[in-house]
Amino acid sequence: MAKIGRNDACPCGSGKKYKRCCLTAQVANPDAATTAADTADPVVGGDDICDCCLDDLEQRADRALDLILDGHVDDAEAMAHDLMRDFPREVEGIDLLSMVSEARGQRVRAAELLRRAIDILRVHPHHDAETRVLMHQRLKELQQRA
C-alpha cells in the first residue's frame, strides 16, 4: 500500500486529513499493530478505529438501516457498499448488505453475507457480544426460512 502523507485524506473515509484523524489515534496508541491506514486486508489486522471515524461509521450505518426500514433498499444498498469501502475491517456494511438482501427476499445471499460478517467478528474481538448474538440469531432464522 502506498504511504499516506500527513496532509492526505484519511483512508478511513472521515473526510479529515490523516494527521487530524487516524494518525492522531496511532500516536496516542503507538503499541497498536495497525491503524485505519493499513487497510490491505479487511479481515486481518488491528482493531483500532478513531472516535471520529467510529461516530461517522455508526451514523452512516444508522441512516442505512433507516432506509431499509423505510423500504428504500436501493439507497441502503449504496450506503452499505460505501461503508464496506470506507471501513473494510468493520462488519456494519456487510451486515447492512445482508439486511438489504433479506428485504429483497434473497435469503441465501443474506445468509452468505451474514456468515462473512461473523467470520470478521471472529478475528476482531472488539465488537460487542450483543452484535455477535444478534448476527447468529439472524443467520439461524434465515437458514430455517430458506
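Reply: Helices are DSSP runs of H or I with at least four residues, and they are numbered from the N terminus. In this predicted model, S98 lies in helix α4, which spans residues 92-103. The relative accessible area of S98 is 0%, and the residue is therefore buried, given that buried means under 20%. The side chain of S98 makes a polar contact with the backbone oxygen of D95, at 2.6 Å.

The surrounding chain may be described next. The protein chain has six helices and zero strands, and its elements follow the order α-α-α-α-α-α from the N terminus. Of the 146 residues in the chain, 38% are buried.

R132 belongs to helix α6, residues 129-145. With a relative accessibility of 24%, R132 counts as partly exposed. The side chain of R132 reaches the backbone oxygen of L121 at 3.1 Å.

D66 is placed in helix α2, residues 51-69, and is partly exposed at a relative accessible area of 45%. D66 is one of the residues in a patch of negative charge on the surface, together with D51, D55, E58, D62 and D70.

In summary, S98 is buried, whereas R132 and D66 are partly exposed.

Notes: Residues are numbered from 1 along each chain as its sequence is written. This is a predicted model: local features need pLDDT of at least 70, side-chain atom pairs count only at pLDDT 80 or more; totals for chains, interfaces and linings use all residues. Side-chain values use heavy atoms; hydrogens and water are left out. Patches are made of residues with over 30% relative accessible area and no salt bridge: like charges are joined within 9 Å, nonpolar side chains (Val, Leu, Ile, Met, Phe, Trp, Tyr) within 5 Å. Accessible areas come from the Shrake-Rupley method with a 1.4 Å probe; for residues, only the protein chains shown count as cover. A salt bridge is a side-chain nitrogen of Lys or Arg within 4 Å of a carboxyl oxygen of Asp or Glu. Lys and Arg count as positive and Asp and Glu as negative; His and the chain ends are not counted. The place of a charge is taken as NZ of Lys, CZ of Arg, CG of Asp or CD of Glu. Helices (H or I, at least four residues) and strands (E, at least two) are DSSP runs, numbered from the N terminus. Buried means under 20% relative accessible area, exposed over 50%, partly exposed in between (1.4 Å probe, protein chains only). A polar contact is a pair of N or O atoms within 3.5 Å; within protein, one must be able to donate a hydrogen and the other to accept it, and residues adjacent in sequence count only if both atoms are side-chain atoms.
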